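I opened the model today to look up a few features. My notes follow.

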Amino acid sequence: MASTNSTIELITREQAETRPAAAGSCSPDLVKAPWNFDGGATPAYGPGASMADIAPAATPRQGQIPEEYRLASDDELHARIMTAKEKLGEKLVVLGHFYQRDEVVRYADFVGDSFQLARAAKEKPEAEIIVFCGVHFMAETADLLSGADQSVILPNLAAGCSMADMADIDSVQACWDQLTDVLGSEPDADGRLPVIPVTYMNSSAALKGFCGENGGIVCTSSNAATVLEWAFERGQRVLFFPDQHLGRNTAKAMGVGLEQMPMWNPRKPLGGNDEQTLQDSRVILWHGFCSVHKRFTVDQIEKARSDYPGVRVIVHPECPMPVVDAADEAGSTDYIRKAIAAATEPTVFAVGTEINMVNRLAAEYPQHTIFCLDPVVCPCSTMYRIHPGYLAWVLEAYAERGEVLNQITVEDSVAVPARVALERMLAAKP
Ligand code: SF4
């Protein structure tokens, strides 16, 4: 199985040579190295699934890294990374997210989802630096859970997350103030508060802190139903951010009616709702989404079923509701991995999640036929911003000069309540 990088290169070359109108990848810019998109006048996510999303002005940007890393060949970068890793030994842990490109994941000591990786960092207290090959909110979570003497490094500061950026602390606070005006802040006769805030792990530390301060909690895509149950025990309704799809899919599976799940558009008064709608609500959904998972469609599922009768369709719950409803199963990255690993007979799997992970599963389980539901190669734009050149840059800086580049730190005023919200999640289990 070719890696996503080599697949994109192949498609782009074929398009240029033989099929100029073909749409094998979502952007020809994917063949360029990420530093071609660093240091622009306005922040942007770069090529990939989020390229049409508008990055907020405050989105961190990455300055140009030294030319020696930009001009180095793949072999040279490999040698430099391995030398730095060897020199640092136990002082270093490299974490790689499932959605990260193979060219980077090959250096990871742990590969997993965002929360598994944050916990892996905690299990390596001897590591002085934690290099997180993922995106910004993941590095923040690792900083929340790691020791005070450990530094978390994000090799490219422009590796944010377009979904996490769709809910910022000021907009959520403004929403909260309006909800308090309409719904009050006093508990009902059963002791349940008017609203419990629930944030998906894919959010800034500031929002996790907001939840910690306001009786709320964090969830992952693995435990969203458990967390919503926890919240309904303590509140009459939930404000769920930033991913509307995970909120809607989870609450619907728990029996909450769609009419009880209004959307909150932060650009409109009362989120675009009237007071009665908010009073009748059970889950108020923030207007956010993942541009990777938004690409999956019911048509793709129908095509997979027609091309491969008996195909098993598994999608991530960040996909839109009609896609989740049309699939055979929906679950987190961990669920998808385990479902494929547990299949004892050769099976055809059509998977609705990020292409790097799907390609890796296909290589790992050659006895099965595993493919991405989306025929267009379109990786997560922000994961794609990490490249071996950045990894070599941050590793050599620490190995040779003890310099920590691109450190991600969460201030105590945010970290303390954010940990409260994370601890509530851990206590809620499973
Ligand atoms: S896949 Fe979606 S949610 Fe995950 S980092 Fe990329 S944009 Fe964010």
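Helices and strands here are DSSP runs, numbered from the N terminus: helices are H or I with at least four residues, strands are E with at least two. I am working on a predicted model, where local features need pLDDT of at least 70, side-chain atom pairs count only at pLDDT 80 or more, and totals for chains, interfaces and linings use all residues. Residues are numbered from 1 along each chain as its sequence is written, and side-chain values use heavy atoms, with hydrogens and water left out.

I looked up proline 242 and found it in the loop between strand 7 (238-241) and helix 11 (244-253). Next I checked leucine 270, in the loop between strand 8 (263-264) and helix 12 (275-280). Leucine 270 is not a glycine, yet its phi is positive, near 50°. I noted both because most residues other than glycine have a negative phi, and most peptide bonds are trans.

Entry: sheet 2-1-3-4.
I traced an open sheet of 4 strands in the order 2-1-3-4, paired in parallel; two strands pair if DSSP finds at least two bridges between them. Strand 2 (110-112) and strand 4 (151-153) each have a single partner strand, so one side of each has no neighbour in the sheet. From one strand to the next, the twist averages 20°; axes are lines fitted to C-alpha atoms, for helices over the stretch in contact, and angles run from 0 to 180 degrees between N-to-C directions. Strand 1 (residues 92-97) runs parallel to strand 3 (residues 129-133), joined by 5 bridges. Opposite glycine 96 I found cysteine 133 of strand 3.

Entry: histidine 136.
I placed histidine 136 in helix 6 (residues 136-145). Leaving out residues up to four places away in sequence, histidine 136 touches Pro60, Leu154, Ala159, Gly160 and Ile408; contact means heavy atoms within 4.5 Å. Leucine 426 is 290 residues from histidine 136 along the chain, and their C-alpha atoms are separated by 22 Å.

Entry: sheet 11-10-12-13.
I found another open sheet, with 4 strands in the order 11-10-12-13 and parallel pairing. At its edges are strand 11 (329-330) and strand 13 (369-372), each pairing on one side only. Strand 10 (residues 312-315) is joined to strand 11 by 2 bridges, and isoleucine 314 has glutamate 329 as its bridge partner. Between strand 10 and strand 12 I read 4 bridges, in the parallel sense. Arginine 312 stands opposite phenylalanine 349 in strand 12. Helix 15 (residues 333-342) lies across strands 10, 11, 12 (348-352) and 13, at about 160° to strand 10. Helix 16 (residues 355-364) also packs on the sheet, touching strand 12 and strand 13, with its direction at about 170° to that of strand 13.

Entry: the ligand.
Which residues surround the ligand? I listed Tyr99, Val135, Cys161, Ser162, Asn202, Cys290, Val292, Glu318 and Cys380, a residue being near if one of its heavy atoms lies within 4 Å.
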